[in-house]
Amino acid sequence: MVNDRWKDMGRASPLEDGQQEKSQRMSCGYILCTVLLSVAVLLAVTVTGAILFMNHYHTPVTESPPIISTNPEEANALVTIEKVDSSRINIFIDPNCPDQAGSFTRLEGFQSSVLRAVIDHDTEMKSSKGQERALLVTVADEVAKLLTHATQLRADCDSLKKGHNAMGQELNALQNEQGRLIQLLSESQTNMARLVSSVSDVLDTLLKDRGMARPRLKADLQRPPARGARPRGCSNGSRPRDCFDIYTSGQQEDGIYSIFPTHYPSGFQVYCDMTTDGGGWTVFQRREDGSVNFFRGWEAYRDGFGKLTGEHWLGLARLHALTTQASYELRIDLEDFDNGTAFAQYGTFGVGLFSVDPEEDGYPVTIADYSGTAGDSFLKHNGMKFTTKDLDNDHSENNCAAFYHGAWWYRNCHTSNLNGQYLKGHHSSYADGVEWSSWTGWQYSLKFTEMKTRPIREEN
């Protein structure tokens, strides 16, 4: 097949051969023109460079050197350089040029001051270290002294504790002795009261035999009894000393009776509780509805006030006469506004037991041997005098009666305040109501209270 192609090419027409020769001649002409043009450009560049070189190149000329001289006309000029073109260059001396000697002097002074500062600082450091060392020694001495003082204080405290314990033991012994003496005195008073009663009964019998009649006496606390009224007494005709005598005589109904204590022969009327805990109780205080004002003065509490069948206070004078004729006990019945009840009972009770002048002594209370369900709120008042708003006998700086709106055997000030304001239950004020703190706290005023006493029964 290749041979055939070459054969075909060999058989090409003469027209095509003529065209090829013509194109080859045109290519040679173009090349020749290009070469000639390049030569012409190179020649032009060469000529131009030669011209420029000739314009800028000069034949070297020997010039005279510049003239250097001092110029006395210039005050501060050091040298003057005069060039060929007559221009001058002046070099001036700077009047403020540094003085090297002065610089060295200042440097030495600065070095000396730095050295002195270092020496002073070192001296101060040594001094401060010495002071610190002395201070540490002083502190150590003071600490040693404080430790010694603390040891001494501890020893003193231990000795005080031992002394306090010894005093407590002695105080307990004294209290025990006091209780024993009170018991002996009570027994002696009981025996004396029985003796006086026996003598009184004998005298009464003698007087009756002689046909003498006794005057009738006042029965109520505030007014005399109605004319013709005859106070109830013992069924055997003898005069009862208290409600217990009336109870043992067979009269066992609650109500008002006349009693004639040994040291109060004129007698007075009382309300007798014949049902509570075996009966025979002489009532001397009752709160139940707030109808009676209990914020009163000394005379009212000494003589008594109120109504026997309602709220009343029997009176300190009568209470003293009643409780000094034998050994008596105390019962306090309490009730709140939720109908809850409680009681406190004390095996020993008396008012002014050892007083020659009980009013002058303030009718002090004797109380001991608690039992009951209300908790004790009275024993802390043992031995205290009675205080009213106009007669301050308590141990407080203020008048406790005036401050807590009551009257009581206050100490400083109270744990009970049964003669306080009738505030009807919970109240915002503090401890100024009818209070029994061990049962209802300091801000609850009780609905009902009743204080009563009777002689200690022999079977007890």
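Here is a chat about how some features of this predicted model get their labels.

User: Why is Val-118 called partly exposed?
Analyst: Its relative accessible area is 48%. Buried means under 20% and exposed means over 50%, with partly exposed in between, so 48% puts Val-118 in the middle class. You'll find Val-118 in helix H3, residues 100-209.

User: What makes Val-118 part of a nonpolar patch?
Analyst: Val-118 forms a nonpolar patch on the surface with Leu-107, Phe-110 and Val-114, and together they have about 380 Å² of accessible area. Patch residues need over 30% relative accessible area, and Val-118 has 48%.

User: And why is Asn-339 called exposed?
Analyst: Asn-339 has a relative accessible area of 53%, and the cut-off is over 50%, so the label is exposed. Look for Asn-339 in the loop between strand E9 (328-335) and strand E10 (341-351). Its phi is near 65°, a positive value in a residue other than glycine.

User: Where is the cis peptide bond, and what is its omega?
Analyst: The cis bond joins Asn-412 and Cys-413, with omega about 0°. Most peptide bonds are trans. Cys-413 is in the loop between helix H8 (400-404) and strand E12 (416-417).

User: Why is the contact between Arg-302 and Glu-359 called a salt bridge?
Analyst: The N to O distance is 2.9 Å, and a salt bridge needs a side-chain nitrogen of Lys or Arg within 4 Å of a carboxyl oxygen of Asp or Glu, so the pair qualifies. Arg-302 lies in helix H5 (residues 298-303) and Glu-359 in helix H7 (residues 358-361), so the pair ties together parts 57 residues apart in sequence. Arg-302 also forms a salt bridge with Asp-303, with the closest N and O atoms 3.0 Å apart.

User: What makes Glu-335 and Lys-447 a link between distant parts of the chain?
Analyst: They form a salt bridge, with the closest N and O atoms 4.0 Å apart. Glu-335 is in strand E9 and Lys-447 is in the loop between strand E15 (444-445) and strand E16 (448-455), 112 residues apart.

User: How many salt bridges and how many aromatic pairs does a search of the whole structure find?
Analyst: The search finds 12 salt bridges and 19 aromatic pairs.

User: Why is the pair of Phe-403 and Tyr-404 called edge-to-face?
Analyst: The ring centres are 4.9 Å apart and the planes are at 75°. Phe-403, at 51%, counts as exposed, whereas Tyr-404, at 12%, counts as buried.

User: How do you know that Arg-287 lies over the face of Phe-294?
Analyst: Arg-287 is at 4.0 Å from the ring centre, and the limit is within 6 Å. Phe-294 also belongs to a cluster linked by ring pairs, including Phe-284, Tyr-301 and Phe-305. Arg-296 lies over the face of Phe-305, at 4.4 Å from the ring centre.

How values were computed: Residues numbered from 1 in each chain as written. Predicted model: local features only at pLDDT ≥ 70, side-chain atom pairs only at ≥ 80, totals over all residues. Heavy atoms only, no water. Patch = residues over 30% accessible without salt bridge, like charges linked within 9 Å, V, L, I, M, F, W, Y side chains within 5 Å. Areas by Shrake-Rupley, 256 points an atom, 1.4 Å probe, with all protein chains shown as cover. Helix = DSSP H or I, 4+ residues; strand = E, 2+ residues; numbered from the N terminus. Buried < 20%, exposed > 50% of the residue type's maximum accessible area, 1.4 Å probe, protein only. Phe/Tyr/Trp six-rings, centres within 6.5 Å; stacked < 30°, edge-to-face > 60°. Lys NZ or Arg CZ within 6 Å of the ring centre and 35° of its normal.
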